[in-house]
Amino acid sequence: MIGTSSTRRSWMGNIFNNNDEFLTAKEAAKLLKVTVGTIKNYIYRGELKSFKTPGGQHRISKLDLFEVMGHRIKEVKREPHFKETQKFSDEFHTDYVGVIRTLLEAIEIIDTYAQGHSARVAKYSLSIAKKLALSPKEMRNIELSALLHDIGKIAVGSAILGKPGRLNERESFIVRKHAVVGEGIVEQIEFLQATRPLIRYHHERYDGQGYPDGLSGKEIPLGARIISVAEAYDSITSGCPYRQALPTKEAVKELEKSANSQFDPVIVETFIEVLSI
Ligand SMILES: [Fe+2]
């Protein structure tokens, strides 16, 4: 027995008293003999409704599952892009990037000095990754991570983010926590697991003087070293409450000055090549 039209109309309300009608993504996958990735792809594409429990688990109405996927399941199984191994396909990646970009624009509203920052950092990071001829999978992850690198700033608050002038010690401490907070946010999302180290370590320095863990040199993941240079360049060229925006030439000089100390010199050199094209 799948359910009735009344359960469909009030499926969100009924979850607490009609658990039999709701499934986890794993149960739904088992029922339809498809992968969990296929179920989640339907959810992320907005074709299959779900809601998340406080623990971050999907719950799907069994009725919706059959209505949306039941009659398409044979077709779905034949579609190669629905295979678990291809869940990071270009099509879905584009969807994810679009959704994340929109969410970040909303978040950037509270940080008046960060308008468009994440999108630009993603663009610069991707151009460096391309120049380094990284694999498509690495490039996609770097782009996603760059978009999300400052997501933890949502916990900082507009009073500090929008403060004119330099931050005091306490405020700086709060801001510096955003790298770890950001990792904690994406930790809840299965398809963003590979972004975690890049978000956590994007403020590490090549000389080991960065945060949160004081990693140095190649201990810092390559993607995080790339984002670090891209973010710095955007900050220098966009300005901030206590510093005017500088033109590209000046920004490049700043990056060169900090190669080997703050930044991986190879990444700085690569980015300068990209900018000169
Ligand atoms: Fe940051």
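**A walk through the model**

Seven of the nine residues of helix 4 (residues 36-44) are buried, so helix 4 is largely enclosed by the rest of the structure. Buried here means under 20% relative accessible area, exposed means over 50%, and partly exposed is in between (1.4 Å probe, protein chains only). Helices (H or I, at least four residues) and strands (E, at least two) are DSSP runs, numbered from the N terminus.

Keep in mind that this is a predicted model: local features need pLDDT of at least 70, side-chain atom pairs count only at pLDDT 80 or more, and totals for chains, interfaces and linings use all residues. Residues are numbered from 1 along each chain as its sequence is written, and side-chain values use heavy atoms, with hydrogens and water left out.

Q: Which residues in helix 4 are buried?
A: Helix 4 is largely enclosed by the rest of the structure, because seven of its nine residues are buried. Going along the helix, the buried ones are Gly37, Thr38, Ile39, Lys40, Asn41, Tyr42 and Ile43.

Q: Where does glycine 46 sit, and what is its phi?
A: Look just after helix 4 to find glycine 46. Its phi is positive, at about 80°.

Q: How do the axes of helix 4 and helix 5 run: roughly parallel or roughly perpendicular?
A: Axes are lines fitted to C-alpha atoms, for helices over the stretch in contact, and angles run from 0 to 180 degrees between N-to-C directions. These two axes come within 12 Å and cross at roughly 90°. Under 35 degrees counts as roughly parallel, over 145 as roughly antiparallel, 65 to 115 as roughly perpendicular and the rest as oblique. That makes helix 4, relative to helix 5 (residues 62-69), roughly perpendicular.

Q: How many residues of the contact of helix 4 with helix 5 are nonpolar?
A: Contact means heavy atoms within 4.5 Å, and here Thr38, Ile39 and Tyr42 of helix 4 meet Leu65, Val68 and Met69 of helix 5. Ala, Val, Leu, Ile, Met, Phe, Trp, Tyr, Cys and Pro count as nonpolar, Asp, Glu, Lys and Arg as charged, and the others, Gly among them, as polar. So the contact has one polar residue, no charged ones, and a nonpolar count of five.

Q: What word describes how helix 3 lies relative to helix 5?
A: Helix 3 (residues 25-32) packs against helix 5 at an angle of about 45°, with the axes 11 Å apart. That makes helix 3, relative to helix 5, oblique.

Q: Which residues make the contact between helix 3 and helix 5?
A: Six of the contact residues are nonpolar, none is polar and one is charged. From helix 3 come Ala28, Leu31 and Leu32, and from helix 5 come Lys62, Leu65, Phe66 and Met69.

Q: How far apart in the chain are phenylalanine 22 and phenylalanine 51?
A: Rings of Phe, Tyr and Trp (its six-membered ring) pair if their centres lie within 6.5 Å; planes under 30 degrees apart count as stacked, over 60 as edge-to-face and the rest as tilted. The structure holds four aromatic pairs, and this edge-to-face one is 6.4 Å centre to centre with 75° between the planes. Phenylalanine 22 is buried at 7% relative accessible area, and phenylalanine 51 is buried too, at 15%. One is in strand 1 (residues 22-23) and the other in strand 2 (residues 51-52), and the separation is 29 residues.

Q: Is alanine 133 buried or exposed?
A: Alanine 133 lies in the loop between helix 8 and helix 9 (136-148). Its phi is positive, about 55°, although it is not a glycine. With a relative accessible area of 65%, alanine 133 is exposed.

Q: Which residues does leucine 147 touch, not counting those up to four places away in sequence?
A: Leucine 147 is found in helix 9 and is buried, with a relative accessible area of 0%. The residues touched are Val97, Ile100, Arg101, Leu104, Ser118, Ala119 and Ala122.
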